[in-house]
Amino acid sequence: MSLTGSRSRGIAYSLSRSWRRLNTKASLEDEFLTAALKEVPELGWTQACLVQAAKDLNLSPAAHGLFPGGELELVHRFVERSHRETAATLRKSTKKKYREERSSTEGVLADGLKTRLKILLPYRARWHEALALQALPQNAKESLQYDLNLVDEIWSTAGDDSVDEVWYAKRLALLTAMKSSELTWIRDDTEDQIATNEFIDRTIKGLVFGGQQIHDHLQSSKAMLSTIRNTASSLFRSYRNGY
């Protein structure tokens, strides 16, 4: 057996073992997230929820260290998962609608926001807690990045190919619509959240994507934009540049 061949096999084994370890860790983290989400309706987005999830999986209570960021990491892990599900569902439904009736841009944008809220529905009673965690000054920028990823995905699914300032303006406008609809949804007591769906339809129709119309829409948005405006531009540029 040559030294080179032996070394190559050793490296391959080491890489294989590292991959299995990483894959096992990712699988455990995903299972832990699923267990924690089952406890959220009762315990909220809390450390107690993580501890209970560890117990449910017959793990040591210290296993909540799988999410070293605690409650905020629990929220972010769920947001990341829910956004992937939203994007996948939207792409699938848009492809079907395009074949059958040709999807409109407004329709795709509205469907994206509505799909997201449907996925959040099991946690609606506790979602204000998640929003409060994300809105803390030390958490706001990182939390906003997750929403940026989704609005970019929704626009891409709608076939957007704009560039430069229009690219940023469209995503900021949709981000504002998404956060506005989220706050409406939390307080919506109508059957099947009909009022929220109507709000989304009205808001999206108001997003006429020309320069002055975008400007008017942003100017009419409420207090939440004071935070979004301060961070969104740098986030958009960082995201597009791959940082």
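This is a predicted model: local features need pLDDT of at least 70, side-chain atom pairs count only at pLDDT 80 or more; totals for chains, interfaces and linings use all residues.

Student: OK. Where is Thr-115 found?

Tutor: Thr-115 sits in helix 4.

Student: Is Thr-115 buried or exposed?

Tutor: Buried. The cut-off is under 20% relative accessible area, and Thr-115 counts as buried because its relative accessibility is 14%.

Student: What does Thr-115 touch, sequence neighbours aside?

Tutor: Leaving out residues up to four places away in sequence, Thr-115 touches Thr-86 and Thr-89.

Student: Now the largest nonpolar core. How many residues?

Tutor: It has 47 residues. Among those with the most contacts inside it are Trp-45, Leu-74 and Phe-78.

Student: Which helices supply at least two residues of this core?

Tutor: Helices 1, 2, 3, 4, 5, 6, 7 and 8 each do. Helix 6 gives the largest share, seven residues.

Student: What does Leu-74 touch?

Tutor: Not counting residues up to four places away in sequence, its contacts include Leu-33, Val-40, Trp-45, Cys-49 and Phe-67.

Student: New topic. At what angle do helix 5 and helix 6 pack?

Tutor: About 105°, with their axes 5 Å apart. Angles of 65 to 115 degrees count as roughly perpendicular, so that is how helix 5 and helix 6 are classed.

Student: Which residues make the contact?

Tutor: From helix 5, Leu-133, Gln-134 and Ala-135. From helix 6, Pro-137, Asn-139, Ala-140 and Ser-143.

Student: How do the residues of that contact divide into nonpolar, polar and charged?

Tutor: Four are nonpolar, three polar and none charged.

How values were computed
Residues are numbered from 1 along each chain as its sequence is written. Side-chain values use heavy atoms; hydrogens and water are left out. A nonpolar core is a set of buried Ala, Val, Leu, Ile, Met, Phe, Trp, Tyr and Cys residues joined through side-chain atoms within 4.5 Å. Buried means under 20% relative accessible area, exposed over 50%, partly exposed in between (1.4 Å probe, protein chains only). Helices (H or I, at least four residues) and strands (E, at least two) are DSSP runs, numbered from the N terminus. Contact means heavy atoms within 4.5 Å. Axes are lines fitted to C-alpha atoms, for helices over the stretch in contact, and angles run from 0 to 180 degrees between N-to-C directions. Angles under 35 degrees count as roughly parallel, over 145 as roughly antiparallel, 65 to 115 as roughly perpendicular and the rest as oblique. Ala, Val, Leu, Ile, Met, Phe, Trp, Tyr, Cys and Pro count as nonpolar, Asp, Glu, Lys and Arg as charged, and the others, Gly among them, as polar.
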